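Please look over the chain shown here before reading the report that follows.

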Amino acid sequence: MTALPGGGPRIPGLHSLPVAPVHPAAPSIPPQQPQSALREITCVTLCKVGQETVQDIVARTMDIFHMLRATQLPNGVTQNHAVYQERSNKLQEHLRQLTLLFKKLRLLYDKCGEMCGVTDVSVTELIPFVGDEPFRPSDLPNVGGLINTEYQEILEKLHQKNQELKHIMDQLRSLIWDINSMLAMRN
């Protein structure tokens, strides 16, 4: 990693900010920097660069799959060895670039984690699996007492409304049963 003019490490892939050259013979006049150079690197910009990197990774991976689909196995034939070698070299280059993009993405993730306080969360916490219990906000760490009590109150109200609806449905079912009985007796 290289250093930015304002301090801190520079993440590869971010556009470097222009720096005015220093001439020892020139008078000491502060260099004029454009407005974009004064912009700070924030979590949002890191996330945008990360999003672009993910899109590049996906595009590169699609290219690799298209190349693999179009490639025929050599089957021991040596007449097209140069073509296979060329495709192999292209594939190796794409894989190398894909590896670099993943490294860049990891650097962006780490830098964003430092700046924004993102903590590592295991995959099992993010992805619900079939057969697991449904997600409950009370499972979240440090949700806070106020939110948890509001959640419990809403659940209680929901349970009461469900009971009321069940009672109304039972009454309607009974009424319909009585009406059908009377109609059947009349005929």
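K90 counts as partly exposed, since its relative accessibility is 46%. In this predicted model, K90 is joined by a salt bridge to E86, with 3.9 Å between the closest N and O atoms, and E86 is likewise partly exposed, at a relative accessible area of 47%. The two residues lie four apart in helix α2, so about one helical turn separates E86 from K90.

In helix α4, R173 and D170 are three residues apart, about one helical turn, and their side chains form a salt bridge at 2.9 Å, N to O. R173 counts as exposed at 52% relative accessibility, whereas D170, at 39%, counts as partly exposed.

I168 is also found in helix α4, which covers residues 145-186, and is partly exposed, with a relative accessible area of 42%. I168 belongs to a nonpolar surface patch with L165, L172, L175, I176, I179 and L183, which together have about 630 Å² of accessible area.

T53 lies in helix α1, residues 43-70, and is buried, with a relative accessible area of 0%. Leaving aside residues up to four places away in sequence, T53 touches L101, K104, L105 and L108. The cover over the buried residues of α1 includes α2, residues 81-116.

Methods
Residues numbered from 1 in each chain as written. Predicted model: local features only at pLDDT ≥ 70, side-chain atom pairs only at ≥ 80, totals over all residues. Heavy atoms only, no water. Buried < 20%, exposed > 50% of the residue type's maximum accessible area, 1.4 Å probe, protein only. Contact = heavy atoms within 4.5 Å. Patch = residues over 30% accessible without salt bridge, like charges linked within 9 Å, V, L, I, M, F, W, Y side chains within 5 Å. Areas by Shrake-Rupley, 256 points an atom, 1.4 Å probe, with all protein chains shown as cover. Salt bridge = Lys/Arg side-chain N within 4 Å of Asp/Glu carboxyl O.
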